[in-house]
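Subject: Structure handover

Hello,

Here is the structure for you to look through. My notes on the sheet, the helices and the charged pairs follow below.

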Amino acid sequence: MLSYRHSFHAGNHADVVKHIVQSLILDALKQKDTPFVYHDTHSGVGRYDLTHEWSEKTGEYKQGIAKLWQQHDLPEEILSYINAVKDLNNDDELRYYPGSPRVGRAQLRDQDRMVLTELHPTDFPLLLQEFRGDRQVRMYKEDAFDKLKASLPPKERRGLVLIDPPYELAKEYRDVVNAIKESHKRWETGIYAIWYPVVNRFDSSDMINGLKKAGIRKILQIELGVSPDTTERGMTASGMIVINPPWKLESQMQAILPFLKQAIAPENGHFKIEWVVPE
């Protein structure tokens, strides 16, 4: 459909969780000197102006990154993420928010590289502009999962694939499961991080059950909710499904999620971290 525009939602509670998990995984990959690849399947534009009328219309970032921006004594585990946000903001004013490509780029070393795909006809030129001339970044206006399939296994044999489609259609949840099955056949040792929204709990649960039946081991679920599930329209929670997570990720998120709940949704917030499929 290609109607989804992330500018309305940039920096919200879902982005906070997604980008913290992304940063922690990249932190872990950097513990070895050997190069890695970061592959982003649904890249968006790279950065978002929170003063844009679309962001101001929803104000979602005010219940996300804005809740953390001025806090002192932040958990050490989220500093890489916060620093990626600070890199785009020269002073105390929070104006720009990094999309996942900018969060990823902040973590790359000279030996690492980044692959970005974006199919939206308006967003792709903005993505090109954001990273023009960057030799460590390759950008493609191609179908996310076709390009992923063609790119695996990567020459580095180490890395992270971030999958965060807009889920405009219910079939996208099934598309993710199929893409993971294909990808895992080609690259069993890769780290796959799948973002999901909880708008209709049935859809996200169906996707998780599909992954559970895929015969893949080491699948960790991380979720933060800001309000109870409802039959009404609107995202009440979001999470990350991580395949082959770094060994510290579970304990790190056990420390971070209570902090995020208190900072973002102290009254109605909830969280969970559990193994969908253990090792």
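For the packing notes, contact means heavy atoms within 4.5 Å. Keep in mind that this is a predicted model.

The sheet

Eight strands make up an open sheet with mixed pairing. Their order is β5-β4-β1-β6-β7-β9-β8-β10. β5 (137-140) and β10 are the edge strands, and each pairs on one side only. Neighbouring strands are turned by 15° against each other on average, direction ignored. Strands β1 (residues 37-40) and β6 (residues 159-163) run parallel, joined by four bridges.

α1 lies across β1, β6, β7 (191-198), β8 and β9. It runs at about 20° to β9. Helix α6 (residues 123-131) also packs on the sheet, where it touches β4 (113-117) and β5. The direction of α6 makes about 165° with that of β5.

Helix α10

α10 covers residues 249-264, 16 residues in all. From first C-alpha to last it reaches 21 Å, close to the 22 Å expected at 1.5 Å a residue. There is a kink of about 25° at I256, shortly before the proline P258. I256 is also one of the buried residues of α10, which include L249, M253, F259 and I264.

Salt bridges

The whole structure holds 13 salt bridges. Which residues does D15 link up with in a network? D15, K18 and D164 are linked by salt bridges. In the D15 to K18 bridge, the closest N and O atoms are 3.4 Å apart. Both residues lie in helix α1, three residues apart, about one turn of the helix. Both D15 and K18 are buried.

Now helix α8 (residues 171-186). E182 forms a salt bridge with K185, with closest N and O atoms 4.0 Å apart. E182 also forms one with R186, at 3.0 Å. K185 is three residues from E182, about one helical turn. R186 is four residues from E182, again about one turn. Are these residues buried or exposed? K185 is exposed, with a relative accessible area of 62%. E182 counts as partly exposed at 31%. R186 is partly exposed too, with a relative accessible area of 31%.

Best wishes

Methods: Residues are numbered from 1 along each chain as its sequence is written. This is a predicted model: local features need pLDDT of at least 70, side-chain atom pairs count only at pLDDT 80 or more; totals for chains, interfaces and linings use all residues. Side-chain values use heavy atoms; hydrogens and water are left out. Helices (H or I, at least four residues) and strands (E, at least two) are DSSP runs, numbered from the N terminus. The expected span of a helix is 1.5 Å times one less than its number of residues. The bend at a residue is the angle between axes fitted to the seven residues ending there and the seven starting there. Buried means under 20% relative accessible area, exposed over 50%, partly exposed in between (1.4 Å probe, protein chains only). Two strands pair if DSSP finds at least two bridges between them. Axes are lines fitted to C-alpha atoms, for helices over the stretch in contact, and angles run from 0 to 180 degrees between N-to-C directions. A salt bridge is a side-chain nitrogen of Lys or Arg within 4 Å of a carboxyl oxygen of Asp or Glu.
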